[in-house]
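Reader: I would like to learn how to read a protein model feature by feature. Could you walk me through one?

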Amino acid sequence: MNTADQALVKKMNKILILEQIIDNAPISRAKLSEITGLNKSTVSSQVSSLLQKEMIYETGRGESSGGRRPVMLKFNRKAGYAIGADIGTNYIIIVLTDLEGEIIEHYERELDEKDIEATERTLFELIDHAVKKMPDSHYGLTGIGVCVPGLVDNDQNVVFTPNKPIHTLQLKRLLEERYNVPIFIENEANAGAIGEREYGDAGDLKHAIFVSINTGIGLGILMNGKLFRGVHGFSGEAGHMSIDINGPLCRCGNKGCWELYASERAVFSSYLSHGNAPLHQIVKALADSRDQKMLETFETFGFYIGVGLVNIIKTLNPETIILRNTMIESYPLIVDVIKKTISSRSKKEALTDCRLTVSSLGRTASSLGASYIVIERFLERFMNEQF
Ligand SMILES: [Zn+2]
């Protein structure tokens, strides 16, 4: 073998060993050798290198299979940290996580829909705060992932955000200049799908659709466990699928778009005049007092969401649909109406094995997904020996 081949084999061995430690920790050197088929001295030298780089650590002794009890190895989740930011139309959520996605800090702010300068200011303020709170570690801040409700191209440019002009900010450049770490920009529903796949409790998500319903509606589509992005990265804009050919004109150029009927903004806008409290608080107060009009509004909400989901189920035949919306997560009544609407508009066969569930991560789904993207890229850079 020439030197280049030897270097490649070494690298592949390191990747194999680190992956096994991440997936199967705590694990002994002997077990690593058994699983990977690599000989003990190769495992031992790679483990030494990973220990030296603080990516793993040794922990108490495991079960003996005869003889001395082995030292166990674990992935060092505190070797570095990641920040995930979800910039919504009327909110910002920031999470600081360790390398296994455990949330260390979590901030949320309500924002004015129109005020783009306040969005930029608040984003910086909350990230600064998270950075200050970050514990000391070998690799420090490994990057910042940001997701937005709109079109993000394959070069991570925010091309268009219909409900708030986030695309006017040069997010990637601004953040790179300010924080000097890798920055990753993603669509909010795509990030949510990744968050659910990695950290949610909806099981093994192979053919799954994450439906994010806020001011607008977006989908994150997982095919064979991988995000389906389309040619430019613009897939999943189902909020702009027409459900009424004669419906009102939408900002996207189409008419009668799904989100003009089924988004929070469409269904609950009349409640925004009920004082200055955030919409969810107003809705909660009315729902808790069994306000008849609010219960009818929930029915309308569920009905229109169901109408759009029928199209999606028939187009994509997903195994799992995860709904992400604070009201749907809080009021099972809405889910019942959605299910009823879908059943009434489908043959039974179309629904076989399609599971409809609500997000277990709730409001942090997308920010956690954004943080995961940072961690995944950090591990890739590490494996490619860029440290
Ligand atoms: Zn539209």
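Author: Happy to; we will go from domains to strands, then to helices and a few single residues. Please keep in mind that this is a predicted model.

Reader: Thanks! Which domains does the assignment give?

Author: The domain assignment lists domain 1 (3-75), domain 2 (81-192) and domain 3 (202-359). Taken over C-alpha atoms, the centres of domain 1 and domain 3 are separated by 46 Å.

Reader: Now the sheets. What is the order of the strands in the open sheet of 5 strands?

Author: First the general idea: strands of a sheet pair through backbone hydrogen bonds, and the pairing is either parallel or antiparallel. In this structure the order is 13-12-11-14-15, and the pairing is mixed. Strand 13 (226-227) and strand 15 (355-358) stand at the edges; each has a single partner strand, so one side of each lacks a neighbour in the sheet.

Reader: How many bridges join strand 11 to strand 14?

Author: There are 5, between residues 208-213 of strand 11 and residues 320-324 of strand 14, and the two strands run parallel. Look for Ser 212, which stands opposite Arg 324 in strand 14. Helix 10 (residues 292-316) packs on this sheet, where it touches strand 11, strand 12 (217-223), strand 14 and strand 15. The direction of helix 10 makes about 150 degrees with that of strand 11.

Reader: How do I read side chains along a strand, and which way do those of strand 10 point?

Author: In a regular strand the side chains alternate between the two faces of the sheet. In strand 10, Ile 183, Ile 185 and Asn 187 point one way, while Phe 184 and Glu 186 point the other way. Strand 10 (residues 183-187) is mostly covered, with 5 of its 5 residues buried. Strand 10 runs parallel to strand 7 (residues 141-148), and 5 bridges join them.

Reader: On to helix packing. At what angle do helix 1 and helix 14 cross?

Author: Two packed helices are described by the angle between their axes and the distance between the axes. Here the axes of helix 1 (residues 3-24) and helix 14 cross at roughly 145 degrees and come within 10 Å. Helix 1 contributes Lys 11, Lys 14, Ile 15, Leu 18, Glu 19 and Ile 22 to the contact, and helix 14 contributes Leu 379, Phe 382 and Met 383. The residues of this contact divide into 6 nonpolar, no polar and 3 charged.

Reader: What separates the C-alpha atoms of Gly 195 and Gly 369?

Author: They are separated by 3.6 Å, although the two residues are 174 residues apart along the chain. Gly 195 is found in helix 6 (residues 188-199) and is buried, with a relative accessible area of 0%. Besides Gly 369, Gly 195 touches Gly 200, Leu 361, Ala 365 and Leu 368.

Reader: Lastly, how many disulfides does a search of the whole structure find?

Author: The search finds 0 disulfides. As for cysteines, Cys 250 is buried at 9% relative accessible area, and Cys 257 is buried at 0%.

Key
Residues numbered from 1 in each chain as written. Predicted model: local features only at pLDDT ≥ 70, side-chain atom pairs only at ≥ 80, totals over all residues. Heavy atoms only, no water. Disulfide = S-S within 2.5 Å. Buried < 20%, exposed > 50% of the residue type's maximum accessible area, 1.4 Å probe, protein only. Pairing = 2+ DSSP bridges. Helix = DSSP H or I, 4+ residues; strand = E, 2+ residues; numbered from the N terminus. Contact = heavy atoms within 4.5 Å. Axes fitted to C-alpha atoms, helices over the stretch in contact; angles between N-to-C directions. Domains from an automatic or database assignment. Nonpolar A, V, L, I, M, F, W, Y, C, P; charged D, E, K, R; others polar. Lists of a residue's contacts leave out its neighbours within four places in sequence.
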